[in-house]
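Visitor: Hi! Could you walk me through this one?
Guide: Happy to, here it comes.

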Amino acid sequence: MRKLTGRLVLVAAGVFVAAPPAAGAELDAELRTRVDALIADVGRAPTTAVTIAERIPALWDWANAVSLQGGFVPKNLPLIAFYGPFPRPGADLLPYQIEAVDDYVRQLAWLDADEEALGTVTRTGAEAFEARSWATIEVVYMVGSLGMEEGGGIVVSTQGAGGYGLLQTTDAAADHYVSARVSRPGIRLEHDTHPIWGPYGGFRSPAGFPVFRVRGGRLEAGDTITLTYGDTSGGCRGLGVGEFSNDRIALPIHVDPGDGRVYEMPPATFEVVGGAAERVHGFAPSIVGAGEPFVISVRAEDRVYNRATRDIPGLQVLLDGEQVAELPAGQAIHLVELVVDAEGVQRYTFRSPDGEVTGAANPVWVQADPEHRLYWGETHGHSGFAEGQGTPEGYFTFARDDARLDFITMSEHDIWLTDGLWEELNEAVRAFHREGELLVFAGYEWTSPRQRGGHHNVFFRNVGMQRVGVQAAPNLSELYRGLRAEYDTADVLIIPHAHQNGDWRQNDFEMENLIEIMSGHGTFEWFGSRYLEQGFRVGFVSASDDHRGHPGYSPGHQAGASGRRSNIFQFGGLAAAWAPARTTDAVFGALKARHAYATTGAQRIVLDARLNGAVMGSELDQTDRRVLEGRAIGTGPIRRVDLIRNGEAVATFDTRGAGGSALPEGQFEALVSFFSETWVDIRDNPRGQRPWRGTVTVEGAKLVAGRLTGTPLPADSFGVDGNTASFDFTTRGSRRSFALVLEGDPAAVRLNLGIAAAVEYGTAPTQVRTPQRFAAAEFTLALPAAPGTSADARGGNEHVFHEGDYRDSVRVDFLEGLRDDVTFRFTDFGEEEDWYYLRVEQIDGHLAWSSPWWVGGEKPR
């Protein structure tokens, strides 16, 4: 440990500044000279809006050098390194952002002289806690060589993505109570608040967090303040642990050594694991060869999709109702090797002996000699390096063992990445990449504001390539130029996304080959269409934008530790790639060539189609006759398959013809579904979530039972009381639904719905449009005459809400009578340049979209 060799001086401005240390971090001579000059400049005069741009380069280079040597760098420093020289267009830097520069200079100078100048943070007690449990966690702050003057203290800050409850320090009987005790006699701790911003605070702006301030004297090096999170001694139930499993949940604190400023400390952390098994899910390869061994992963899950850790029953593996394997109790993940000789689609299900725990795997299409395979991946996710939680190692472990992905990237925000963190991420990529098994690509999220180009995920074919971050390339055109200057465009893949939407008026046709049209934020098919309408030739993928270490199988969440509503509320999607092999070049090449498609809800829907014999993503020469042939194999009954040409549906394929109902005679299922649009025509972030809270009362039949369909989210609510069902969930470009088991004459059924008033929420900051308010509504729906028909003669089976320019809707359909495997063929004629893509919609609301085909026109050059 390096000891403090420079002295601390108190300057007239009332802040501590470190004199240049005699020995410090291993900096080259040129950087050491610049750092010493920066320290001296801050000592002479605080940073201002005028001087911030000239001071940032030395600070940023210093921080990167420290991070590469394993030193601590405050989380928001890379963000200030961007916003300092490049504020949001039309906005001035705020005082707290400017003041942060001097805070970072002081902190790095102190730590350069003594790694423990500000003290240390340790946690005692249990290492792991069960999700959705109550915990008590003790964190010890030991005062460093700076000491702590009277009036100094520690801020109990938090992280919104932590999932635990809203921390408080004033009511010992209430939940999430945090107490503190100090080791030095005669010192007392006083309650106060202090504003903190960023991932460990109010996120986009400062919010007040509890402070324990030192009164009655000074704390010396080695003194301690012990924080007890979830202190139960006064009646508190404990700290409410979040609902998701994760290997590293942060409990951040900030320290005020007595200068009135606060400095971030490396956080204490703990692990969260899953609970009791309530369901099971299977992950299988989508395409296998006849007679070829393959593996299905059977995963026991708790109520919120974590890997179960207790009460795991034995399981039967069934194919068409016949048992093909039996799995022992007590094990969360089983790898079952199977062989199928006959061609066709295999659907495997699972059940415990008592039938209480059930589940299914995705369909397996057995082919005689498959030329291409279908590989599933995640192209957008985060960790605790940024505003998420967990480590890269935990993230990639989940992708490999839990989600059973074929390819994966962690696209961390560059506004929170240092060179040291980037190197750590690349090391994790190297450690987890296994050619032919799990393909791990290095990547990051270029996180510039919408006005400068919007968020774009950047991926590299090869590990070890260096990022071109917003600190060096603040505008989208500069990102394109920077990547082209460094790399072969064949080795770079850029994917813009819609939540903080990419600028659809710009595209680099050699690198920006795909568009993310769905994530945990919502469903944004229109976003991909905006690029197509501009003439850009791009394909489609989905992702999760997971922040909780669950890539590829990521349920949405509605609120975090700050109590702030989350805007990642949908079950995340997947990217599918058609490739000849599970190798780096084959899969990366397939993504670059747009031989890829998007699905929602982590559903491994198989979509295989050719236009004039060409795979999706292909560019065809002009021809008048265009023949589309394909097949959609759903994870549930398919409501419709549409062929889109130039933005309009030109064909809808028949999906009717499934077998009869498994319900008792006289009973049937009706599906009530809810949909809201998200598009924007202007350069603004998309419309947010629409809440749907209300009741449906059945007339003309008996309501026997009901259930949420698809992949229900942890925050969803549904219940049945007599002939009335209540519901509470949200939509954002997606269709959410529940099924009602009814007994009676379908023609006599009337559903009386009441929808509560609500306000749109969960969008990224908008500049033009304002969140909508939705009035309460009451209306009646009737069932169609038969599956696949309308109910217009009986009053209609759909109610449309005209919300300004948006058309939201509620509809009711029969749940039965639709196939889960649809083959289609369509011939179109045209003389102009046209683009086509397919959209598959299941009855449960899950979707798949092919990448487009282009016929005719001039190819990009």
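Visitor: What percentage of the residues of the chain count as buried?
Guide: Of its 861 residues, 61% do, where buried means under 20% relative accessible area with a 1.4 Å probe, protein chains only. This is a predicted model: local features need pLDDT of at least 70, side-chain atom pairs count only at pLDDT 80 or more, and totals for chains, interfaces and linings use all residues. Residues are numbered from 1 along each chain as its sequence is written, and side-chain values use heavy atoms, leaving out hydrogens and water.

Visitor: OK, how many helices and strands are there in the chain?
Guide: The chain has nine helices and 58 strands, taken as DSSP runs (helices H or I, at least four residues; strands E, at least two) numbered from the N terminus.

Visitor: And what box do the C-alpha atoms fill?
Guide: Roughly 85 × 65 × 55 Å along the principal axes.

Visitor: Which residues of helix α5 are buried?
Guide: In α5 (residues 392-402) they are Pro392, Gly394, Tyr395, Phe396, Phe398, Ala399 and Asp402. Just after α5, arginine 404 has a positive phi of about 55 degrees.

Visitor: Switching to confidence, what is the mean pLDDT of the chain?
Guide: The mean is 92, and 94% of the residues reach 70 or more; pLDDT is the predictor's confidence in each residue, from 0 to 100.

Visitor: Where does pLDDT stay under 50?
Guide: Residues 1-23 are one such stretch, with 54 contacts in the model beyond four places in sequence, a contact being heavy atoms within 4.5 Å. Residues 790-794 are also below 50, and that stretch has 14 contacts beyond near neighbours in sequence.

Conventions. Buried < 20%, exposed > 50% of the residue type's maximum accessible area, 1.4 Å probe, protein only.
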